[in-house]
Amino acid sequence: MDVRVPPGRAPAARAVAPPPAGNPAAVILGYPDDPTVTAGGRIVLRVSTDAPAFRVLVYRCGARTELVQATDWLPGRSAPRLLPFEDWDWPAHALDVPADRAAGVHVAVLVEGDGRRWTTPEVAPDPDARTARVLFVVRAPADRRPRVLYKLPLLTYHAYNLGVPDPGRAWSLYSLPEPRPAEVPPTVSVRRPGGGTGGTPWDVFNHDPFDPSPRQTFRHWDAPFLAWLERHGVAVDLCTDLDLHRDPALLDRCTLLLSAGHDEYWTDAMRDGAEKFVADGGNVAFFGGNTCWWRVEFDDDHAFRRVANWWDPAGPDRPENHLTGVSFRNGGERDRDDHPVPVGYRVQHADHWVWEGTGLADGDVIGDGPDEYLIGYEADGAHFDRSRTARGLPARPTGDDGTPGGFTILGVGDIAPGGWGHGNAAATMGLHDGGGGTVFTASTTDWPRLLAGGTCPAVEQVTHNVVSRLAGGAS
């Protein structure tokens with residue numbers, strides 16, 4: 001079904017009676033046919049509901065959550081819930097996206113009703129929810145795209161996504177059925193509810209004491225980082241993993257590729273495209289951890305599977321360090337409930353441009369306050385010789401884990417005493433020349449949390465330094 005919506009922005013709130021409750025057992029779910037649309041194009045939402053009608057409220061999530069579009073009543077129809085590896089192929093509803101729409105992450109809120117009465121909410125809803133949400137990205141038109149590109153980790157969202165948790169019929173790449181029937185491939189589809197919001201992450205039980213939103217959702221790390229960028233006047237275009245996988249050439253016009261939070265899942269095409277981009281002079285900044293940990297492959301245009309860790313000598317034997325400079329192998333997992341002692345970064349090479357304006361000196365520590373806990377959840381590191389640091393010398397990478405020889409370690413979060421880490425058990429913030437451009441890594445998933453919280457000025461200053469310098473002449 002092709003349903004057009006009135007052009008322009010959403011109407012102002014109307015003081016009318018709220019819609020009747022309708023069927024109290026009704027549940028509305030949805031997902032995008034494709035998660036990315038260019039302004040001036042059309043986004044197709046796939047929706048299933050037990051209600052006779054529903055409306056779509058589209059919110060843009062930037063420095064604030066803004067209602068930008070609302071549809072009239074659309075006919076509701078219930079559709080079957082399929083298995084996680086399948087294309088669910090629910091009823092389609094196409095929305096025109098105005099050509100003047102600002103690039104950004106958008107969340108469609110699906111609201112059930114009876115098709116008669118309606119009140120536009122005056123308060124924007126939380127973008128995180130288990131139902132009634134659809135996340136998609138609006139890109140700027142080609143002739144006015146900023147040269148900073150932010151990549152949303154859609155594959156990480158979906159790797160953890162249970163979709164709709166029907167007993168025995170819902171799983172993620174972390175909870176595949178065992179024993180697994182031969183006809184069930186070890187894949188999950190991007191064409192089902194969830195993928196950033198509107199579904200249930202497998203690890204929703206893994207509580208973050210600093211933020212109640214589930215970690216494997218847009219709301220947890222990416223939303224705060226994007227909000228910070230917009231508040232500080234950094235114009236960015238958006239893409240998802242799927243866009244980079246399909247068309248690595250989308251990096252050709254960029255100066256800086258940004259990634260934050262938990263960018264764990266990468267295909268060959270994504271990795272090849274990013275490394276070529278850097279070799280050709282492009283810059284990348286990873287403000288996250290556990291980056292590029294899993295190599296994944298698509299079986300078709302919608303379902304993907306885990307193949308191996310990138311560093312695995314049995315294949316592909318291509319350590320993620322070659323791109324990022326660091327690896328989860330030398331960092332580890334760190335949940336505050338299990339490891340209550342906060343760890344931050346001990347500064348080294350304080351005269352480096354990354355530290356400019358922070359006022360810090362070698363040996364100072366940032367992010368180790370009880371309400372900061374900068375090295376949190378998952379962190380990456382470059383292997384270094386601990387005998388040097390024991391003698392008070394700066395840590396230098398050994399390179400025996402695949403870290404490039406030119407990688408400069410700017411901060412060390414030494415977590416070995418806690419016993420939770422892998423390998424060298426130290427997070428290392430730093431950067432390297434990737435053969436043409438520069439690659440920076442913050443090496444901890446929780447960098448965006450401190451950035452948005454404003455409790456650690458050094459984290460904000462470093463972010464400003466990295467983005468402004470690596471963006472170069474970005475507009």
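Author: Rings of Phe, Tyr and Trp (its six-membered ring) pair if their centres lie within 6.5 Å, and planes under 30 degrees apart count as stacked, over 60 as edge-to-face and the rest as tilted. This is a predicted model, in which local features need pLDDT of at least 70 and side-chain atom pairs count only at pLDDT 80 or more, while totals for chains, interfaces and linings use all residues. Residues are numbered from 1 along each chain as its sequence is written, and side-chain values use heavy atoms, with hydrogens and water left out.

Reader: Which residues do ring pairs link into a cluster?

Author: Tyr150, Phe225, Phe287, Phe440 and Trp447 are linked in this way.

Reader: How many aromatic pairs does the rule give?

Author: The count comes to 15 aromatic pairs. One of them joins Phe210 and Tyr373, a tilted pair with 6.1 Å centre to centre and 40° between the planes. This pair links distant parts of the chain, 163 residues apart, since Phe210 is in the loop between β11 (188-189) and α2 whereas Tyr373 is in the loop between β20 (365-366) and β21 (377-381). Helices (H or I, at least four residues) and strands (E, at least two) are DSSP runs, numbered from the N terminus.

Reader: Is Tyr373 buried or exposed?

Author: Buried means under 20% relative accessible area, exposed over 50%, and partly exposed in between (1.4 Å probe, protein chains only). Tyr373, at 2% relative accessibility, counts as buried, whereas Phe210, at 25%, counts as partly exposed.

Reader: How many residues of helix α2 are buried?

Author: In α2 (residues 222-231), 8 of the 10 residues are buried, so the helix is largely enclosed by the rest of the structure. Among the buried residues are Phe225 and Trp228. After α2 comes Gly233, which has a positive phi, near 75°.

Reader: Where does the charged end of Arg306 sit?

Author: A charge sits over a ring if NZ of Lys or CZ of Arg is within 6 Å of the ring centre and within 35 degrees of the ring normal. The charged end of Arg306 sits over the ring of Tyr174, 4.7 Å from its centre, and Arg306 also lies over the face of Trp294, at 4.3 Å from the ring centre.

Reader: How many disulfides does a search of the whole structure find?

Author: A disulfide is a pair of cysteine sulfur atoms within 2.5 Å, and the search finds 0. For Cys239, the nearest cysteine sulfur is that of Cys254, 7.6 Å away. Cys239 counts as buried, at 0% relative accessibility.
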